[in-house]
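Hi,

Here is the structure I promised to pass on. Have a look at it first, and my notes follow below.

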Amino acid sequence: MINVTINGKEIQVPRGTMLLEACRQAGADIPTFCHDPHLQLAGSCRMCVVEAKGRWNLLASCVMPAENGMEIETESPSVVEARKIILELLLARHDLSCHTCERDGDCRLQDYCYRYGVKESRFAGEIIHFSKEDPNPFIERDYDKCIMCTKCVRVCKEITGAEAINVKDRGHHAAISTAFDGNLADSTCVFCGQCIMVCPVGALTSKVSMGKGKPYQVEKVLTTCTYCGTGCTLELNVKDDTVVGVSSNRDERYSPVNQGALCVKGRFGWDFIHAEDRLTTPLIRKNGELQPASWDEALDFAAAKLKQIKEASGPDALAMFASARITNEENYLAQKFMRAVIGTNNVDHCARL
Amino acid sequence: MSNYKDIIASVKDTRGGIIEAFHALQKEYNYIPAEAFREAARVFKLSEAEAYGVGTFYSYLSFEKRGKYIIRMCESAPCHVAGADEVLKALENHLGIAVGETTPDGKFTLELTECIGQCQVTPVITVNSDPIGNIDPQRIAEVLAPFK
Amino acid sequence: MAEEKRIILEYADQINPENAGEYIKVGGYKGLEKARAMSRKDVIEEVKKSGLRGRGGAGFPAGLKWSFVPEAPVKYVVCNLDEGEPGTYKDRIICQKNAQAVLEGMAICGTAIDSTKGYIYCRGEYPYVVDLLNKAIDSAKEAGVLGDFDIEVRMGAGAYVCGEETALIESIEGNRGEPRFKPPFPGVEGLWGVPTIVNNVETFAALPYILSNGGEWFAGIGAPKYPGTKILTLTGDVNNATYFEVPTDYNLRDVIYTLGGGIKNGKKFKAVQVGGTSGAFIPEQNLNTPIDFDSMSAIGAALGSGAVLVLDETRDIVDVVTRIAKFFEHESCGKCNPCREGTFRAFELMEIINDGLGNAGDLDTLKILGRVMKNASFCGLGQAAPIPIQSTLQHFEHEYKRKFL
């Protein structure tokens with residue numbers, strides 16, 4: 001263990017602990033854009049800089065291991081000055097249409113500008129505009145709001161493994177891009193939307209939820225995705241008793257299976273919930289027409305038919321085709337039912353197709 | 001046009017050598033054709049987005065078709081004080097193109113560059129990386145004559 | 001004094017740099033032979049004794065850097081030949097005059113840190129130097145002098161930031177040339193994750209002479225705390241704009257007036273920028289300063305790469321600094337916010353001022369922006385980019401103000 005003094009408070013941390021962690025442990029609130037505990041460190045946004053006694057420059061706390069005897073100030077005049085100027089530099093290139101932004105109220109740039117009283121930028125020069133054109137149904141890419149934290153690039157590579165996007169060009173002209181600025185649909189993008197999950201501002205948002213509710217207007221209901229047996233946790237965003245979107249819960253305690261990561265279906269495929277033609281009861285065909293029935297009715301009907309076929313034509317006249325949307329345990333029961341109750345090995349599963 | 005696959009294959013055993021591949025392609029074509037780029041990404045096991053990020057980072061690499069002769073005018077401070085601006089204007093007039101453009105006959109592309117390390121003979125231009133120093137706006141026609 | 005002292009360039013133009021045999025005839029590869037007969041620890045001690053400090057600009061003691069390298073099955077020696085600092089061409093000159101000394105220096109480092117593989121990262125602007133080095137390596141291999149030490153030349157592609165050692169490593173690995181955070185330092189975790197020593201061409205080229213003549217001999221030359229010689233490249237408004245090798249206690253005024261032959265066309269001196277485009281502008285009153293690292297630091301300047309740009313009395317210093325600001329805007333890698341956005345806005349502000357549209361508020365903005373870039377940027381590029389602006393605001397603020405309408 002080593003000793004570090006943070007804002008006058010001495011604490012002990014294991015050797016190798018990053019200053020960011022140490023500062024948070026000491027109760028200091030350190031702002032970050034590019035830091036994400038699930039991704040490789042970048043150290044690039046420089047919002048987390050702190051002042052260490054005896055150092056000529058500020059230290060990026062997310063990538064600087066604490067050293068024994070370090071004396072750290074997290075809100076010294078030069079730290080605050082640096083953070084304010086960085087925010088002003090970002091504002092100078094940022095499309096400040098917060099009133100129509102999907103992330104209004106849940107935006108780190110807003111939060112930090114509020115925290116440091118940054119009302120406007122003194123850098124009033126050229127703004128480079130990027131095209132929003134990307135005709136995919138899921139991900140809105142508005143790089144006029146991008147702050148170049150590169151979390152989207154890292155999550156695409158490190159968690160999803162798609163490597164569909166990267167930083168292109170350099171300096172002020174650098175931007176997030178697919179190869180040759182192509183559309184996401186023509187890239188290796190799988191539309192998992194993990195990039196939306198990690199974006200700290202409104203640069204990447206869901207087209208499916210657009211205009212349906214701001215972050216503070218929706219209630220987040222923790223649930224399990226029904227699309228497959230993996231059991232990913234997700235949050236249904238509910239406004240006026242209507243699901244308007246899906247967001248990630250990255251807390252391991254609530255989302256032990258996926259830690260917030262989802263696939264295209266889980267993140268964007270929730271429109272069935274309120275679909276007009278969604279089945280809400282079992283249907284039994286009577287006189288050539290499907291008619292609503294109760295579950296008891298439907299199950300009795302199915303059981304009777306299975307019995308009847310087995311008796312008339314033998315167990316091998318029956319087969320079960322199970323679904324990946326149910327769990328492994330349920331699939332186990334399904335095959336057990338076919339073998340032990342019906343007496344046939346005619347069992348298959350959609351995941352084999 | 002020689003086969004880009006052979007060009008890439010000739011450097012394929014160079015560890016992390018995609019930049020070497022890009023150089024080799026540019027030596028042949030003066031730019032990196034998209035098809036060849038995709039092959040290089042494949043050979044060096046990079047996603048296309050990653051390889052594109054690498055290729056666009058370096059100012060000597062280009063994904064756009066360029067002329068047979070790439071003229072670069074150095075505009076760094078030592079060349080600047082030696083009159084690079086006037087030389088650049090003279091080059092633009094002589095070639096009839098602006099910086100970043102290629103002559104209609106596909107012969108010359110005019111680019112700007114930062115210091116090319118020939119500061120004993122400022123102002124300096126390069127023609128396909130060969131430096132030519134002590135450029136005088138009056139001398140442009142003479143200097144470029146061998147490339148016509 | 002006021003004379004050159006040639007160690008690295010002693011046989012310039014007298015031997016063919018490609019030919020190992022010619023180099024051996026003038027005493028070449030003796031240092032390596034000696035190093036191989038010594039223990040690794042003793043080689044490092046000898047280099048420490050010489051006081052040799054990195055010639056790329058940071059001035060870090062070479063022997064100390066080597067001593068941090070841990071034991072590992074694979075280690076690399078990397079030679080930084082990415083000299084992109086405008087006004088600098090000393091590394092090219094060293095290669096074109098004495099390439100074998102660079103190879104020998106790398107092999108000496110290989111002996112000291114127990115590495116058998118070296119890379120030379122040559123900037124993309126020097127394809128002819130790449131050809132020369134490849135021939136020089138072939139010749140040295142043929143002569144058998146490198147033993148089991150292998151050297152491979154890699155080429156940059158027009159990115160100043162790759163002169164930063166971790167960005168250089170990224171580039172050799174085939175990535176975008178963006179710097180890595182430190183620690184871990186390359187000496188512990190460098191190229192492909194293994195211990196790697198990155199030194200400048202000039203640092204490596206000094207090693208053969210240190211080993212063959214002894215560390216003490218080298219420590220006795222020039223400034224005691226930054227001993228040896230330094231190769232300077234003189235540009236701008238001087239009569240004799242060329243390169244020189246001088247002892248490190250050489251006086252800046254003598255660089256301009258003795259070696260440089262004074263200001264061109266009988267004009268008067270206005271300012272000199274030492275250390276390349278990222279260096280400080282120095283006014284007349286500070287000219288009587290030795291060029292060594294610490295003396296330069298004491299007047300708020302830096303020896304840096306050893307480039308010296310002289311401006312005469314007629315020069316528009318704001319215009320020159322505007323051009324320099326464009327350089328940094330062009331070369332910022334874009335990774336960190338202060339540098340990516342800061343170099344862009346600094347250039348914008350300089351253009352406004354240079355065009356006569358500025359005001360005192362713009363100077364205040366430049367000052368605070370420069371301070372934040374220096375304090376908070378990721379690497380040396382963003383940290384140094386404001387220096388030309390800051391130093392001219394310090395010494396030549398009246399020239400800025402004169403531009404205001």
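A definition to start with: two residues are in contact if their C-beta atoms, placed from the backbone, lie within 7 Å. This is a predicted model, in which local features need pLDDT of at least 70 and side-chain atom pairs count only at pLDDT 80 or more, while totals for chains, interfaces and linings use all residues. Residues are numbered from 1 along each chain as its sequence is written, and chains are lettered from A and ligands numbered from 1 in the order in which they are written.

With that contact rule, which residues does C:Cys109 touch, leaving out those up to four places away in sequence? They are C:Trp66, C:Val77, C:Ile197, C:Asn199, C:Phe204 and C:Leu207. C:Cys109 is also listed among the residues with the most contacts inside the largest nonpolar core, along with A:Leu19, A:Cys152, B:Ala40, C:Val78, C:Val102 and C:Leu103. That core has 255 residues, and helix 5 of chain C (residues 90-113) gives the most to it, 13 residues. A core here is a set of buried Ala, Val, Leu, Ile, Met, Phe, Trp, Tyr and Cys residues joined through C-beta atoms within 7 Å. Buried means 20 or more other C-beta atoms within 10 Å of a residue's own, exposed means 12 or fewer, and partly exposed is in between, with C-beta atoms placed from the backbone. Helices (H or I, at least four residues) and strands (E, at least two) are DSSP runs, numbered from the N terminus.

Two of the partners of C:Cys109, C:Phe204 and C:Leu207, are among the buried residues of helix 8 of chain C. Helix 8 spans residues 201-213 and is mostly covered, with 11 of its 13 residues buried. After helix 8 comes C:Gly214, with a positive phi near 95 degrees.

On to where chain C meets chain B: 39 residues from chain C and 29 residues from chain B take part in the contact. On the chain C side, helix 7 (165-172), strand 7 (229-236), strand 11 (307-312) and helix 12 (317-331) each give two or more residues. Helix 12 of chain C has the largest share, six residues. By type, the chain C side divides into 16 nonpolar, 15 polar and eight charged; Ala, Val, Leu, Ile, Met, Phe, Trp, Tyr, Cys and Pro count as nonpolar, Asp, Glu, Lys and Arg as charged, and the others, Gly among them, as polar.

Chain B itself has seven helices and four strands, in the order α-α-α-α-β-α-α-β-β-β-α from the N terminus. Of its 148 residues, 48% count as buried. Its domain assignment gives domain 1 (4-57) and domain 2 (69-147), with C-alpha centres 28 Å apart; such bounds come from an automatic or database assignment.

Last, chain A. Strand 5 (residues 70-73) has A:Met70 and A:Ile72 on its covered face, and A:Glu71 and A:Glu73 on the uncovered one. In a regular strand the side chains alternate between the two faces of the sheet. Strand 1 (residues 2-6) of chain A runs parallel to strand 5 of chain A and is joined to it by three bridges, with A:Thr5 opposite A:Glu71. Strand 3 (residues 49-52) of chain A pairs with strand 5 of chain A in the antiparallel sense over two bridges, and A:Glu51 stands opposite A:Glu73. Pairing requires at least two bridges found by DSSP.

Cheers
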